[in-house]
Amino acid sequence: MKRNKKERQRLLKITIDENPFITDEELADQFEVSIQTIRLDRLELSIPELRERIKHVASKQLEDEVRSLPIEEVIGEIIDIELEHSAISIFDVGEEHVFKRNQIARGHHLFAQANSLAVALINDELALTADAAVKFLRQVKVNERVIAKAKVTEIELSGRTTVEVNSYVGQEIVFAGMFKMFRSNYDKKDEEHHENSH
């Protein structure tokens with residue numbers, strides 16, 4: 001169903017407000033118009049492009065939050081994080097991340113995205129990966145966007161923290177990992193706080 005321009009722009013703004021990480025391509029499909037039309041609509045509405053929207057959402061919040069590694073050492077862009085609880089990052093697969101002959105992403109990039117997200121979740125100056133069990137569930141190709149979602153599933157008495165990370169392209173899961181994280185600063189107060197915060 002074609003909408004008039006005014007109505008389309010109104011709905012476009014609502015859609016982007018609800019999901020700042022939606023791409024122009026996805027918007028074009030949803031509104032049944034060309035990508036060019038979506039770009040013009042965004043310009044008229046002064047809505048920045050996706051990359052700028054992500055940076056805006058992420059930058060300030062993250063600089064303050066992530067303690068375990070400098071933000072530039074995270075592979076992919078963190079777009080949401082709640083320490084000791086959950087986090088999300090986006091990784092755009094470029095030419096430099098794939099095997100030349102088949103355009104498939106090298107596995108260590110997917111691992112690094114997930115692993116650095118697990119590290120970033122830990123509220124500690126020293127957080128190290130003690131153990132990891134990972135599965136690569138489908139090949140990821142150049143120009144695909146990988147969204148990794150991490151969540152803390154367990155904090156042991158010793159402070160070892162288990163982080164589950166699932167990575168998706170669209171709705172399809174492409175990578176799954178369980179990371180056991182070692183930390184230096186753990187004490188019982190954190191444990192109680194964690195129990196109470198659920």
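**Entry 1: helix α5**

I began with α5 and found that its buried residues pack against β1 (77-82), β2, β3, β4, β5 (161-169) and β6 (172-183). I take buried as under 20% relative accessible area, exposed as over 50% and partly exposed as in between, with a 1.4 Å probe and protein chains only. Contact means heavy atoms within 4.5 Å. Helices (H or I, at least four residues) and strands (E, at least two) are DSSP runs, numbered from the N terminus.

I note that this is a predicted model, where local features need pLDDT of at least 70, side-chain atom pairs count only at pLDDT 80 or more, and totals for chains, interfaces and linings use all residues. Residues are numbered from 1 along each chain as its sequence is written, and side-chain values use heavy atoms, with hydrogens and water left out.

I looked up how enclosed α5 is: 11 of its 15 residues are buried, so the rest of the structure largely encloses it. Among the buried ones are H109, Q113, N115 and S116, as well as L110 and L117. I also checked its length.

**Entry 2: the cores**

I count as a nonpolar core a set of buried Ala, Val, Leu, Ile, Met, Phe, Trp, Tyr and Cys residues joined through side-chain atoms within 4.5 Å. The largest has 34 residues, of which I81, V140, V146, V163 and V165 touch the most other members. β1, β2, α5, β4, β5 and β6 each give two or more residues to this core. α5 gives the most, with 7 residues. Another core lies apart from it, with 9 residues, including I16, L27, F31 and I38.

I then listed contacts of V165 beyond four places in sequence; among them are A114, A118, F175 and F179.

**Entry 3: two loop residues**

Which residues other than glycine did I find with a positive phi? One is Q103, with a phi of about 60°, in the loop between β2 (86-92) and α5 (107-121). Another is N143, with a phi near 70°, in the loop between β3 (127-136) and β4 (145-155). Q103 is partly exposed at 25% relative accessibility, whereas N143 is exposed at 65%.

**Entry 4: L45**

L45 is in helix α3 (residues 35-45) and is partly exposed, at 26% relative accessibility. Leaving aside neighbours within four places in sequence, I find L45 in contact with Q9 and L12. L45 and L12 are 33 residues apart along the chain, and their C-alpha atoms are separated by 9.4 Å.
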